[in-house]
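Subject: Structure handover

Hello,

Here is the structure for your files.

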Amino acid sequence: MADEQQVSAHFHANLGLYWLVSGAVFFTVSIVGIPLLLLWFPLGLWAVRRYIANMSAELTEQKLIVRKGLLTRTENTIPLDKITDMALIQGPLMRLFGIHKLTVETAGQSGHGALINLVGVFDVQAFRERVLYQKSLLNQRKENVSQPPALEALLVENLQQINATLLRIEQALTSNQKQ
């Protein structure tokens with residue numbers, strides 16, 4: 001069975017601006033970083049554009065694949081049946097830009113916090129619902145395949161075998177009595 005792509009995430013146009021403003025706020029609050037603001041905007045703009053170009057999130061029938069990174073590129077493949085939680089987070093600055101952070105937590109992950117953080121997914125609620133829906137479909141398929149036969153069917157089969165055995169015993173006893 002091929003693992004076909006179901007959905008690919010798209011990212012907000014505001015995401016780059018959000019990161020630039022976040023960095024500028026950080027530099028301004030740190031006071032020492034205020035002189036770095038002159039470097040932050042041209043370098044930050046270049047870095048943010050490159051980072052967003054390298055970001056992707058794809059949902060397939062069985063897994064979620066997330067790629068991102070600027071200097072060190074990472075690819076995380078998360079089996080859907082291992083996902084335990086998908087939270088939406090929106091801070092004050094995120095609300096201003098209309099974006100959310102989607103966190104994905106899995107069973108058996110090491111460390112604290114989310115395994116995956118995706119910031120700026122366009123229509124993040126629909127993407128999250130699609131992932132959770134695909135996860136439920138996968139779980140239903142696995143339950144249907146792995147469910148043992150129904151108890152009633154087993155009882156009927158056993159009773160038929162017992163009946164056949166009793167008939168053979170009865171035939172053997174009647175043939176022995178005739179001899």
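Helices (H or I, at least four residues) and strands (E, at least two) are DSSP runs, numbered from the N terminus, and two strands pair if DSSP finds at least two bridges between them. This is a predicted model, in which local features need pLDDT of at least 70 and side-chain atom pairs count only at pLDDT 80 or more, while totals for chains, interfaces and linings use all residues. Residues are numbered from 1 along each chain as its sequence is written, and side-chain values use heavy atoms, with hydrogens and water left out.

Strand β2. A hairpin is formed by β2 and β3, with 2 residues between them. The two strands run antiparallel and are joined by 4 bridges; Ser-56 has Arg-67 in β3 as its bridge partner. β2 also pairs with β1 (residues 5–8), again in the antiparallel sense, over 3 bridges, and Gln-5 stands opposite Thr-60.

β2 (residues 56–60) is largely enclosed by the rest of the structure, because 5 of its 5 residues are buried (under 20% relative accessible area; exposed is over 50%, partly exposed in between; 1.4 Å probe, protein chains only). Ser-56, Glu-58 and Thr-60 cover one side, and Ala-57 and Leu-59 the other; all are buried.

His-100. This residue sits in the loop between α3 (92–97) and β6 (101–106). His-100 counts as buried because its relative accessibility is 19%. Not counting residues up to four places away in sequence, His-100 touches Leu-88, Ile-89, Gln-90, Met-94, Leu-118, Val-119, Gly-120, Val-121 and Val-124 (contact means heavy atoms within 4.5 Å).

Regards
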